[in-house]
Amino acid sequence: MAEGELVSFEKVEDIGVITVDNPPVNAMSPGVPEGIVAALDKGNADLAVKAMVLIGAGRSFIAGADIRQFGKGPPRPAPARRHYDVMDQSPKPVVAAIHGYALGGGLETALACHYRVAVPSAKVGLPEVLIGILPGAGGTQRLPRLIGPKAALDLIVSGRHVPAEEAQKLGIIDEIVPEGGLRDAAIAFAKKIADRRPLPVIRNNNGRLAEGTPELFEGTRKSIARRARNQRAPYACIEAVEAATKLPFDEGCALERKLFDEQVASEEAKALRYAFFAEREVTKLPHIPRDTPLRSTDNPAVVGAGTMGGGIAMSFADYGFDVKITDATQEALDRGMARIRANYETSVKRGSLSQEEMDKRLARIHPVTSIDDIADCDVVIEAAFEQIPVKEVIFTKLDAVMKPGALLYSNTSGIDIDIMADMTKRPQDVAGTHFFAPANVMKLFEVVQGSKSAPDVIATAMALGRKIGKVSGLAGNTDGFLANRSRAPFSTEMVIMLEEGALPEQIDKVMIDFGYPVGPFAVGDISGLDIGYDTRKRRAEQYPNYRTLPIADRVVEAGRLGQKTGKGWYRYEKGDRTPHPDPEVAEIIKKSAAEMGVPQHEFTNDEILKRLLFASVNEACKILDEGKALRASDIDVMWLHGFGFPRYRGGLMYWADTIGVREVYNQIASWHQRYGERWAPSPFLRKLADAGTPLREAKGNWPS
Ligand code: 3H9
């Protein structure tokens with residue numbers, strides 16, 4: 001293949017092999033479809049070619065359209081000859097040879113081929129919905145014709161990646177071929193089918209379309225109503241598949257294209273594309289060379305078998321790691337193991353895990369009675385009580401027994417990493433790895449760099465998070481680190497608004513309508529209100545100017561600790577987790593506000609939303625200014641995966657940009673006048689506003 005050529009054609013005996021080579025994932029960038037058309041023309045014109053194979057160079061078949069091109073200028077006019085139309089009309093069979101990923105436009109290309117072979121590790125799918133669009137190259141019309149409308153709808157509306165074996169069962173893949181031998185096997189397959197006629201052209205295959213009943217489509221619309229709130233793409237996907245069952249192929253494609261063009265320019269799609277790239281950006285650490293050799297993490301251990309420690313051990317077991325877990329007493333260890341078992345049993349009861357899989361995972365978690373028993377582990381995650389003397393006992397012991405080079409990570413959410421590092425004679429091996437509760441479910445994995453953490457200790461932590469299915473993000477060592485510190489003013493402001501006349505249910509409704517799965521007060525009831533109470537008391541002692549929250553304190557002092565006591569910000573019926581507004585809470589609020597003498601006012605939804613989120617935007621700017629975050633977009637990734645911020649709104653900073661950096665600044669400045677110091681605008685925010693730099697593009701002053 002000539003250098004720089006995106007698509008090449010070569011002959012292997014009587015088979016034409018078309019290779020797409022557009023690293024890293026063979027996206028359909030400009031030039032690729034044209035190259036495929038030229039290669040098909042070559043193969044069809046050559047009398048010596050009987051069939052063709054379409055294959056991807058490097059690590060993948062084709063991962064889809066080039067997402068970076070979306071939203072850049074007006075939609076490109078359709079080429080005179082689209083490669084999938086050329087394939088449909090090709091007199092010679094074309095075989096797609098799939099390894100890595102065939103996603104979006106990649107699978108659509110494969111569906112326009114006559115046959116598809118794949119290696120077992122390959123994955124296929126139409127994940128467009130996840131970036132706020134729908135398949136736009138015939139996928140919504142071809143897939144229902146190939147596998148039936150029901151299965152097609154499931155794949156297109158969920159956007160999930162389907163492993164080769166399942167894809168074969170569904171009828172997407174014709175043959176699975178051995179790993180490593182794809183090219184030769186695809187050529188052999190092409191030879192085998194070269195003379196078969198008629199060619200299987202999916203567009204002509206209308207046999208199963210009648211399975212697309214009105215009930216199927218209505219049922220799907222209903223089933224997604226909750227999770228697809230405020231979104232249009234999932235509904236556009238349904239509309240396009242429904243059209244496949246009602247309209248001739250070309251008309252269906254025209255409707256799909258119209259919906260695609262509408263969606264691709266939508267706010268929803270822009271935010272989701274931003275989130276996609278922000279999630280890739282967060283993996284990059286400009287201050288640590290990419291090729292830094294990583295330490296081994298094959299052999300992990302967890303110290304502390306409480307709720308967090310147990311969840312962390314489950315995270316390892318869920319991703320195939322054998323993990324040791326220990327605690328100070330046998331009793332605590334037994335309790336921890338029982339909790340882990342109970343959690344898995346709940347998943348089995350719910351049907352999300354098989355008994356066999358549960359047994360396998362449980363067998364990977366090895367309780368051991370002493371830190372001496374984990375001495376040979378590569379990595380330890382400490383998840384013990386958040387008290388410095390407790391940490392001191394553990395880190396001193398770890399320092400004494402762990403093998404040289406072992407990684408000593410702490411799951412602390414509130415203690416300075418440097419304090420723990422300095423408890424050892426190897427502070428370079430210590431860093432934070434902060435999980436979010438429940439640790440086995442929440443995706444955020446906040447890596448905290450201490451002042452002495454070695455670069456490879458940080459790079460290895462980032463990689464470790466990804467190995468256990470998490471989204472790793474880097475934070476500087478500041479009180480609350482990056483995620484919780486940026487969230488803290490939100491938590492304060494929501495209670496202050498109660499003092500001014502709002503109610504928990506009113507604030508929760510605004511945030512649910514905005515897109516959060518659960519409102520912030522109801523979340524508090526799930527986590528337990530006593531933790532915040534203790535923290536506030538500690539802080540009030542530490543900082544003389546600390547803003548106390550009397551209403552939140554009184555709720556706890558009334559014995560309302562959240563769901564675990566049957567009442568918190570809400571009341572709960574026995575055995576039911578539905579929050580019910582409680583007049584007793586309204587009374588506490590009213591009385592406290594009167595005692596505090598706070599003037600009452602009616603809140604608009606807009607004010608509630610902005611008071612909560614702008615408070616955090618301002619704090620995020622302070623964090624960036626202090627060099628405790630690399631990029632604003634990292635903060636967005638953390639909010640998406642740590643706090644359930646609606647993905648289709650991009651993230652905290654992206655969302656604030658939709659209001660405008662200048663307006664955000666002006667509003668904060670005016671609240672500063674009205675409410676005082678806690679709203680003092682960050683100078684970093686002011687600089688951005690003056691320069692007109694979008695918040696999402698801001699880089700932190702991270703020390704290089
Ligand atoms: C579509 O196809 C529309 C059609 O229906 C109709 C068109 C008319 N474009 O994720 P990674 C980059 S919509 C541009 O770290 P992995 C990515 O940014 C598309 N760039 O690797 C990163 O760059 P960098 C439907 C892309 O192995 C690098 O490749 N398809 C694209 O963990 C490596 O990516 C999708 O939605 C792209 N399509 O995961 C699939 N894909 O190194 C989107 C990747 O500079 N892609 N890049 O940061 C993925 O889901 C994952 O990348 C994939 C590989 C699973 C393929």
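This is a predicted model: local features need pLDDT of at least 70, side-chain atom pairs count only at pLDDT 80 or more; totals for chains, interfaces and linings use all residues.

Modeller: Ring pairs join Phe436, Phe490, Phe514, Tyr516, Phe614, Trp639, Phe643, Phe645, Trp655, Trp671 and Trp679 into a cluster. The structure as a whole holds 18 aromatic pairs. One of these is formed by Trp671 and Trp679, whose ring centres are 4.9 Å apart, with 55 degrees between the planes. The pair counts as tilted, because the edge-to-face class requires planes over 60 degrees apart and the stacked class requires planes under 30. Both tryptophans, Trp671 and Trp679, are buried.

The charged end of Arg487 sits over the ring of Phe490, at 4.0 Å from the ring centre. Arg487 lies over the face of Phe643 as well, here at 5.7 Å from the centre of the ring. Both distances fall under the cut-off, since a charge sitting over a ring must be within 6 Å of its centre.

For context elsewhere in the chain, there is an open sheet of 6 strands with mixed pairing, in the order E1-E2-E3-E4-E6-E9. Its edge strands are E1 (7-12) and E9 (175-176), each of which pairs on one side only. Within this sheet, strand E3 (residues 51-56) runs parallel to strand E4 (residues 94-98), and 4 bridges join them. Met52 has Val94 in E4 as its bridge partner.

Definitions and conventions
Residues are numbered from 1 along each chain as its sequence is written. Side-chain values use heavy atoms; hydrogens and water are left out. Two strands pair if DSSP finds at least two bridges between them. Helices (H or I, at least four residues) and strands (E, at least two) are DSSP runs, numbered from the N terminus. Rings of Phe, Tyr and Trp (its six-membered ring) pair if their centres lie within 6.5 Å; planes under 30 degrees apart count as stacked, over 60 as edge-to-face and the rest as tilted. Buried means under 20% relative accessible area, exposed over 50%, partly exposed in between (1.4 Å probe, protein chains only). A charge sits over a ring if NZ of Lys or CZ of Arg is within 6 Å of the ring centre and within 35 degrees of the ring normal.
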